[in-house]
Amino acid sequence: MRVALFLTCVNDTLYPDTGRAVVKLLTRLGVEVDFPPAQTCCGQAHYNTGYRHEAEPLARHFSDVFGEYEAIVTPSGSCGAMVRELYPRMGERARAEGRGSALAAVLAPVVPKTYELTEFLVDVLGVTDVGAYYPHTVTYHPTCHGLRSLGLGERPLRLLRAVKGLELVELPGADECCGFGGTFAVKNADVSAAMGADKVRNAESTGARVLCAADNSCLMHIGGTMSRLRVDMRPVHIAEILASTEEEAAG
Amino acid sequence: MSGRERVLGRVRRALADVPREEVPYEQAVPRGYLREHGGRSVAETVELLAENLADYRALVHRCTDTGLPSLIAGLLRRHGSASVVVPPGLDPGWLAETEVTRVADTADGTPRALDGVDSVVTGCAVAVAETGTIVLDGSPDQGRRRITLVPDHHICVVRVPGQVVASVPQALGRLDPARPLTWISGPSATSDIELDRVEGVHGPRTLEVVLVTVR
Amino acid sequence: MSGTFVGMPAFPRAARTAVRDTTLRGNLRHATRTIRGKRAQAVAELADWAELREAGRRIKDHTLRHLDRYLEQVEEAVTAAGGTVHWAADADEANAIVAQLVKETGESEVVKVKSMATQEIGLNEALEAEGIRAYETDLAELIVQLGRDRPSHILVPAIHRNRGEIRDIFAREMGAWGRPAPEGLTDRPAELAEAARLHLREKFLRAKVGISGANFVVAETGTLVVVESEGNGRMCLTLPETLISVVGIEKVVPTWRDLEVFLQTLPRSSTAERMNPYTSMWTGTTDGDGPRAFHLVLLDNGRTDTLADEVGRQALRCIRCSACLNVCPVYERAGGHAYGSVYPGPIGAILSPQLRGTGSEIDASLPYASSLCGACYEVCPVAIDIPEVLVHLRERVVRGGPATRDGNKVVLRPAKGHAAERAAMRAARWAFTRPGALRAGQRLASRTRRFHPRTLPGPGRAWSASRDLPAVPAEPFRDWWQRTRGGKDTDR
């Protein structure tokens with residue numbers, strides 16, 4: 001299977017460790033991963049801030065870059081949701097505006113074969129025990145787009161429960177948004193910060209040392225809040241936990 | 001231009017994108033939802049009604065038709081009632097064993113006069129088990145809407161199982177929209193203080209429902 | 001009264017104050033959390049919730065798409081049943097109709113059932129100007145009216161008040177409006193409810209004119225439906241001689257049978273009850289029972305403008321349950337007043353900018369009052385995709401374009417204050433369609449990373465006032481990939 005890693009622009013720039021972890025994990029599971037270097041950004045920030053027309057060329061570019069692969073895997077619930085949920089909508093809107101079906105046709109091929117990482121592992125590869133070892137107490141925050149747009153459900157938790165050495169503790173108010181919300185974090189900084197602080201306090205109350213999620217954008221907000229509030233916890237992307245083994249333990 | 005023409009004109013212009021020949025109403029709405037939730041026997045449905053009425057703080061009593069007059073007399077006595085409003089078509093036998101003052105439900109009575117009456121006894125049109133609801137439709141045994149509103153104590157007689165349905169869809173099917181309808185689920189209540197339910201505001205603070213089995 | 005929203009500041013500024021008000025935060029947190037859990041339980045009781053939700057969505061969509069036909073049917077049925085139908089294109093027209101109808105009765109006071117439509121048009125203030133006093137009779141509305149306050153929630157307008165504050169308002173203000181609060185009133189909810197009962201009873205008993213809204217209007221029968229809890233609705237709907245109902249044109253449902261959907265979904269979504277204590281249904285007038293005169297005022301006031309927008313029109317499906325408010329993390333922290341409208345919370349954020357347009361500062365800021373977490377869509381009993389409409393309205397704000405205002409097609413200009421953002425978005429689009437440019441930027445960031453601060457000056461403070469910045473890595477992933485061909489060439 002020709003599998004492409006769609007790392008996302010945020011991970012590429014700020015969280016290369018997550019990308020390395022995905023490559024390591026998938027390789028270990030026998031998947032040959034390619035990283036098409038022409039990839040950039042799915043256009044989510046543009047779209048969600050009201051710049052749908054600016055997002056269209058990015059979506060076309062995405063389709064150009066990834067269209068030939070059999071599966072596209074991304075370690076981001078929100079960027080995965082952008083492709084799966086919002087690319088079809090962009091096509092529909094263009095059609096409704098009298099611009100024909102060209103955009104819909106260009107975007108259609110990538111939609112069904114884009115998978116968020118945990119979906120790809122559980123649904124496509126059919127594994128829940130990925131042979132990982134991570135001797136830490138972990139609490140899991142389901143990010144909103146993963147939870148509600150993609151419907152990841154139990155998949156991340158099933159994967160985490162199968163990790164050796166990992167103690168999973170439940171996060172109170174887990175399904176509440178952390179307050180990141182892309183440009184919301186700066187446009188409504190006070191509310192965003194209040195939501196982030198509540199999320200961190202809830203995480204802290206679990207006694208876990210690691211807060212895990214499947215989206216680094218949310219983790220950037222939560223982690224930034226933890227560090228500011230001097231809470232002794234670390235944000236860690238689920239890929240890094242799943243990639244970690246007894247031979248090569250992640251921090 | 002009249003308000004009517006203006007509003008309707010705006011509606012029509014707003015819907016310029018809607019094709020004239022769209023799917024008709026009958027096909028536009030999928031009715032895949034249930035006619036009732038769970039399959040219950042008649043007795044179980046009555047049991048559920050009793051449970052749900054009680055859950056929302058209605059006081060539930062059960063008796064046979066021969067025991068009804070004494071039960072009603074006892075309820076009025078226990079409430080300390082001196083007077084009771086009587087709908088025009090109420091079975092006179094129901095009040096045969098009580099001595100309290102009868103007040104007729106008439107068109108020229110005033111709300112203020114009703115405010116001085118302690119209780120009201122009525123029948124009902126239908127009762128809904130799943131929601132613990134009784135529905136009044138202004139029939140002669142139920143009277144005008146205000147008589148079950150202003151007095152602080154309402155005794156409502158439900159004939160079981162004949163007047164009991166399982167669900168809201170079934171209840172609507174039995175009701176006539178041309179009649180004034182009042183759906184009652186427990187005594188008056190509010191959630192307006194900290195979104196927590198408190199019973200007893202403007203409607204009757206005590207709702208007693210008598211489930212009467214006709215022998 | 002201070003019950004108006006004119007000149008409200010933009011959402012972020014109003015929210016900043018609310019976020020720092022610890023009493024308000026506590027009140028909202030307590031109330032919304034109480035109801036959230038209960039709603040989930042009440043919904044879980046129905047195995048066919050998804051089907052009911054879908055049916056509700058389809059009924060409303062179908063009605064909206066043929067609204068002209070159904071409105072004419074309503075008019076015909078209500079008239080045949082002895083009612084009189086009036087049409088109001090905007091708030092001023094509606095207020096003038098109601099004021100005139102009240103004057104014709106010779107009365108100078110009215111009792112009111114809680115109604116969003118009459119709040120939206122500012123009916124109480126308009127009646128006051130005509131020398132008519134309107135008494136709110138819903139407990140929460142009474143708290144708001146006595147406290148000279150503004151509503152902050154659709155279902156529970158005084159949700160921002162806790163029991164202690166309510167006690168103080170009752171003790172202080174009731175005397176000026178009628179029967180004073182009992183001596184030694186405590187903050188027990190049952191006692192507060194009792195104080196309201198006593199205070200309002202004399203008003204109900206003498207009232208000659210009642211004013212209401214309606215939750216539903218059935219086109220085929222002309223039946224109006226009011227869903228309530230306290231019995232104040234029944235008082236206003238049945239004791240007065242004249243009843244005037246002001247109802248938004250989107251409240252229509254085609255058939256009697258359609259109520260079987262909404263009478264199941266509305267109570268569970270709003271108060272988390274299997275059924276609310278009282279539901280009244282009436283069709284025109286009934287001889288010898290209830291009001292002798294019934295007037296239905298059908299209200300547009302921006303609804304047809306909303307209807308004209310193919311994406312935004314779904315907001316008109318709303319049945320005003322407030323489940324979206326109760327579940328919204330932004331509402332919980334910002335409070336209802338920050339939304340600058342009688343419609344707060346997620347539904348308000350898509351309804352107000354459509355009903356009123358995006359011209360004012362507050363209305364242009366509302367589409368951004370959301371992290372797009374989607375919890376509102378998830379709980380909505382008529383499946384309004386609130387995030388979709390929010391994003392659509394953001395586009396209208398930043399880009400402008402065709403819209404309908406007061407029934408006229410207009411082309412909106414992009415809102416002011418987004419120029420820098422627009423430039424940044426365009427620059428990002430430029431870079432993101434050129435991988436080489438993106439890579440150059442990433443490398444520059446990595447090479448200068450030792451000089452990056454953990455906090456930012458200027459506009460960046462919006463982020464770093466509460467959050468540290470992540471450290472920029474030594475090299476972006478793509479460089480590592482190219483250097484090692486995905487780890488194959490490393491020394492691992």
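Predicted model: local features only at pLDDT ≥ 70, side-chain atom pairs only at ≥ 80, totals over all residues.
1. How many C-beta neighbours does R65(C) have inside 10 Å, and does that make it buried, partly exposed or exposed? The count is 19, so R65(C) goes down as partly exposed.

2. R65(C) sits in helix 3 of chain C, which covers residues 49–65. Setting aside its neighbours within four places in sequence, R65(C) is in contact with L15(B), V18(B) and E22(B). R65(C) and R313(C) are 248 residues apart along the chain, yet 9.5 Å separates their C-alpha atoms.

3. Those chain B partners lead on to the question of which chains touch. Two pairs of chains are in contact, and of these, chains B and C share the most contacts. Chain A and chain B, on the other hand, have no contact joining them. The closest C-alpha atoms of chains A and B lie 10 Å apart.

4. Now for the B–C contact itself. Chain C puts in 82 residues and chain B puts in 62 residues. On the side of chain C that touches chain B, helix 10 of chain C (residues 189–206) gives the largest share, with nine residues. Sorted by class, that side of chain C has 42 nonpolar, 23 polar and 17 charged residues.

5. If you're new to sheets, strands pair through backbone hydrogen bonds, either parallel or antiparallel.

6. Where do the two chains meet within this sheet? Strand 9 of chain B (residues 181–184) pairs with strand 9 of chain C (residues 278–283). The two run in the antiparallel sense and are joined over four bridges. To spot the pairing, look for T182(B), which stands opposite S280(C). On the chain C part of the sheet, strand 5 (residues 216–218) and strand 6 (residues 223–228) are antiparallel too, with three bridges between them. In that pair, F216(C) has V225(C) as its bridge partner.

7. Next, chain B taken alone. Chain B has six helices and 12 strands. Its radius of gyration is 21 Å, well over the 17 Å that the globule rule gives for 215 residues, so chain B is more spread out than a compact globule. The C-alpha trace of chain B spans about 70 × 45 × 40 Å along its principal axes. Even so, 50% of the 215 residues of chain B count as buried. Take the contacts in chain B with a separation of 6 or more: 73% of them come from residues 24 or more positions apart.

8. Chain B also has some parallel pairing to look at. Strand 2 (residues 83–86) of chain B pairs in the parallel sense with strand 3 (residues 101–104) of chain B, over four bridges. V86(B) has A104(B) as its bridge partner there. Strand 2 of chain B also pairs with strand 4 (residues 119–122) of chain B, again in the parallel sense, over two bridges. In this second pairing V85(B) stands opposite V120(B).

9. Chain A has a sheet as well. It is open, with four strands in the order 2-1-3-4 and parallel pairing. Strand 2 (33–34) and strand 4 (114–116) of chain A each have a single partner strand, so one side of each is left without a neighbour in the sheet. Strand 4 of chain A pairs with strand 3 (residues 71–74) of chain A over three bridges, and T74(A) stands opposite E116(A). Helix 5 (residues 77–96) of chain A packs on the sheet and touches both of these strands. The direction of helix 5 makes about 155° with that of strand 4 of chain A.

10. Last, two annotated stretches of chain C. UniProt, in an unreviewed entry, lists "domain: LUD" at residues 71–285 of chain C. That span is 45% helix and 19% strand, and its end C-alpha atoms lie 19 Å apart. UniProt also places "domain: Lactate utilization protein B C-terminal" (unreviewed entry) at residues 393–483 of chain C. Here the chain is 49% helix and 11% strand, with the end C-alpha atoms 44 Å apart.

Notes: Residues numbered from 1 in each chain as written. Chains lettered and ligands numbered in written order. UniProt positions renumbered as here; feature names shortened; annotations may be inferred. Pairing = 2+ DSSP bridges. Contact = placed C-beta atoms within 7 Å. Axes fitted to C-alpha atoms, helices over the stretch in contact; angles between N-to-C directions. Rg over C-alpha atoms; globule rule 2.2 N^0.38 Å. Buried ≥ 20, exposed ≤ 12 C-beta atoms within 10 Å, placed from the backbone. Nonpolar A, V, L, I, M, F, W, Y, C, P; charged D, E, K, R; others polar.
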